[in-house]
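Here is my notebook from a first look around this structure. Keep the model open beside you and follow along.

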Amino acid sequence: MRTSRRVTIAVGSALLLLGSTVQASAAPSPEIMSIEQDLQQNDHTIGSQIRRVEGDTSTPESKEKAARPQPEAGVLATVAGMDVASYQQNVDWAYWWGQGKRFVWTKATEGTSYKNPYFAQQYNGSYGQGFIRGAYHFALPNVSGGAAQADFFVNNGGGWSKDGKTLPGALDMEYNPYGATCYGLSQASMGAWIRAFHDRYQQRTGRWPVIYTSTSWWNTCVGTSQNFGGTVPLWVARYASSVGALPNGWGFYTVWQYTSSPLDQNTFNGAYDRLQALANG
């Protein structure tokens, strides 16, 4: 009886292995991929493609400078922050609070299929620690429309509530990780795509999204086809000693991602009460 049972188990295990082999060769969808495959294939973190194309020339001196008020904007204070994604897995929020970080954006979604498997721990854990937190969406404009991706984002963690601790969702616009810099879109088409996301997000949440980008990518792929400076806070990426020129349409920045080493670090261009005002709308 025991021998028969062992044979049955062995056959079942072999079939499971065969099934696993077949599935592995069939390019599974994000919903059925393992977390490890998700991290390797779909977790394009905010700034990852900017760092790949533009590099990171930040230094200890430039990082220290970024944390100081920026005199050209007449700002008297700044607030330190960060951003996270699934590759960081379960984040030790008490540690980062102790390092002086006070706000964070967490990756929620990408395209219309990927969802961060660690989103709940990262998004709710930071909130519980006292962070002012928000979510971000990595855009894939060649996969589906802007409105569809805004809906997917809002439906999977990218919403907003007026609780004083939740930032408006951020739209991550950067270099295509799969190919052509501008996803095969003209400036007019890219601008229209972002406008569709922008409008749908506002319809769904009552807030305009934050836009994250680099000046080089934006001016190449969007140019002057659309102007969002009147509604959208700018989160600009430049890993250098200064922010430099801003993307077309903005006269000032709200957040500066100033380094990707040893992790993405950001500075809010204003005092803590202004950060709270951004959260409250």
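Which residue follows α7, and is its phi positive or negative? I looked it up: Gly157 comes after α7, and its phi is positive, near 110 degrees.

**Ground rules**

I am working with a predicted model, where local features need pLDDT of at least 70, side-chain atom pairs count only at pLDDT 80 or more, and totals for chains, interfaces and linings use all residues. Residues are numbered from 1 along each chain as its sequence is written, and side-chain values use heavy atoms, with hydrogens and water left out. When I write helix (H or I, at least four residues) or strand (E, at least two), I mean a DSSP run, numbered from the N terminus.

**Entry: helix α7**

I stayed with α7, which spans residues 146-155. Eight of its 10 residues are buried, so I noted this helix as mostly covered (buried means under 20% relative accessible area, exposed over 50%, partly exposed in between, with a 1.4 Å probe and protein chains only). The buried ones are Gly146, Ala147, Gln149, Ala150, Asp151, Phe152, Phe153 and Val154. What lies over them? I found that the cover includes β2, β3 (114-115), β4, β5 (170-172) and α8 (187-205).

**Entry: salt bridges**

Next I counted salt bridges (a side-chain nitrogen of Lys or Arg within 4 Å of a carboxyl oxygen of Asp or Glu). The structure holds three. As background, side chains of opposite charge can pair when their charged atoms come close.

Asp151 forms a salt bridge with Arg200, and their closest N and O atoms are 2.4 Å apart. This pair links distant parts of the chain, with Asp151 in helix α7 and Arg200 in helix α8, 49 residues apart. Asp151 also forms a salt bridge with Arg204, where the closest N and O atoms are 2.8 Å apart. Here too the pair links distant parts of the chain: Arg204 is in helix α8, 53 residues from Asp151. I wrote down that Asp151, Arg200 and Arg204 are linked in a network of salt bridges.

Are these three buried or exposed? Asp151 is buried, with a relative accessible area of 19%. Arg200, at 27%, counts as partly exposed, and Arg204, at 38%, is partly exposed as well.

I then looked at Glu110, which forms a salt bridge with Lys107, the closest N and O atoms being 2.6 Å apart. Glu110 is buried at 2% relative accessibility, and Lys107 is buried at 0%.

**Entry: helix α6**

I moved on to α6, residues 119-129, where Phe119, Gln122, Tyr123 and Ser126 are buried. Why do I place them on the same side of α6? They cover an arc of only 90 degrees around the axis (the arc is that of the directions from the helix axis to the C-beta atoms). The face turned away from that buried side carries the exposed residues Ala120 and Gly128. The buried residues of α6 pack against β1 (79-84), α5 (93-98), β2 (103-110) and β4 (132-138). After the helix I found Gly130, whose phi is positive, near 115 degrees.

**Entry: Thr106**

Thr106 is found in strand β2, and it is buried, with a relative accessible area of 0%. I listed its contacts (heavy atoms within 4.5 Å), leaving aside neighbours within four places in sequence. Among them are Phe119, Gln122 and Tyr123, which are also buried residues of α6.

**Entry: Gly270**

I found Gly270 in the loop between β9 (265-268) and α10 (272-280). Gly270 is buried, with a relative accessible area of 5%.
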